[in-house]
Amino acid sequence: SYTLNHILFKLDLGNVPVIVSQRGDFHPSYFLKEKYWSILKWAIEKISFESIDLFQVMSRIEFGIMVNSYGKDKVILWQDGIDFEKFKKIPKNIAKKTIGIKESQKLVLYVGQFTRDKGVENVISAYKYFKASNKDITLILIGGHKNDDLYDLVASCGVVFFHRKTQDELINYYSAADVHIYPTNNEKVRNFAGISNANMEALACGTPVYTSQLFHFFGN
């Protein structure tokens with residue numbers, strides 16, 4: 001980002017170990033053909049990044065690009081973590097009762113911004129398709145803001161939705177859900193945003209996920 005480059009250029013970091021963490025934006029070299037202007041950003045980074053000693057990246061795609069540029073000794077895959085002492089499964093019948101839905105209802109959950117790049121239009125489209133033949137399906141979306149580009153779509157399509165909720169509240173929703181979905185087909189998000197905390201939090205609560213992001217998982 002501009003801010004990071006500004007810091008790297010302004011400070012004398014020659015004798016200071018510097019570690020940076022990639023937080024989901026795409027590497028400028030990846031879209032050079034579509035976004036020709038990103039070659040300037042790439043050139044600036046080639047200079048500013050010389051003062052960085054270790055890159056922590058969340059994306060397998062980013063990892064490959066950075067290893068080619070800086071070598072394996074300076075780049076590690078480093079996913080966000082979550083507190084597994086906090087995110088623990090609550091019995092589904094209790095969790096559903098807590099959030100006010102019937103035990104017989106199948107709950108589909110989405111947690112994140114109400115934006116096109118996160119795949120919310122896919123969430124709404126799939127819900128309408130399955131709801132037509134199965135009335136017991138309920139969709140809940142959590143995490144939107146009125147400035148999100150698909151907020152009006154969510155608000156007008158008859159689904160249950162909320163703005164942000166605390167982690168303690170989210171545990172009930174994750175545990176009550178039959179599946180958590182994060183079905184983005186945005187190339188930037190899919191390739192560079194890592195696994196997503198919401199997916200990991202859902203899995204920690206024993207809920208399966210349907211997502212495009214698990215190819216970033218580097219376990220066995």
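**Pockets in the predicted model**

Split by class, the residues lining the second largest pocket come out as nine nonpolar, six polar and five charged (nonpolar being Ala, Val, Leu, Ile, Met, Phe, Trp, Tyr, Cys and Pro, charged being Asp, Glu, Lys and Arg, and polar the others, Gly among them). This is a predicted model, with local features needing pLDDT of at least 70 and side-chain atom pairs counted only at pLDDT 80 or more, while totals for chains, interfaces and linings use all residues. Residues are numbered from 1 along each chain as its sequence is written, and side-chain values use heavy atoms, with hydrogens and water left out.

A pocket here is an open set of points, on a 1 Å grid over the protein atoms alone, where a 1.4 Å probe fits, with protein on both sides within 12 Å along at least five of seven lines; lining residues have an atom within 4 Å of a point. The second largest pocket holds about 360 Å³ of space (the volume filled by probe spheres set on the points, which are joined across faces, edges and corners). Its lining runs to 20 residues, with Ser1, Leu4, Gln22, Arg23 and Phe49 nearest the centre. Two or more residues each come from β1 (19-21), α2 (38-48), β2 (54-57) and α3 (60-70), and β2 has the largest share, at three residues. Helices (H or I, at least four residues) and strands (E, at least two) are DSSP runs numbered from the N terminus.

As for the largest pocket, about 790 Å³ of space lies in it. Of its 35 lining residues, Val111, Gly112, Lys118, Asn197 and Ala198 sit nearest the centre. Here α7 (167-176), α8 (187-192) and α9 (197-204) are the elements giving two or more residues, and α9 gives the most, with four.
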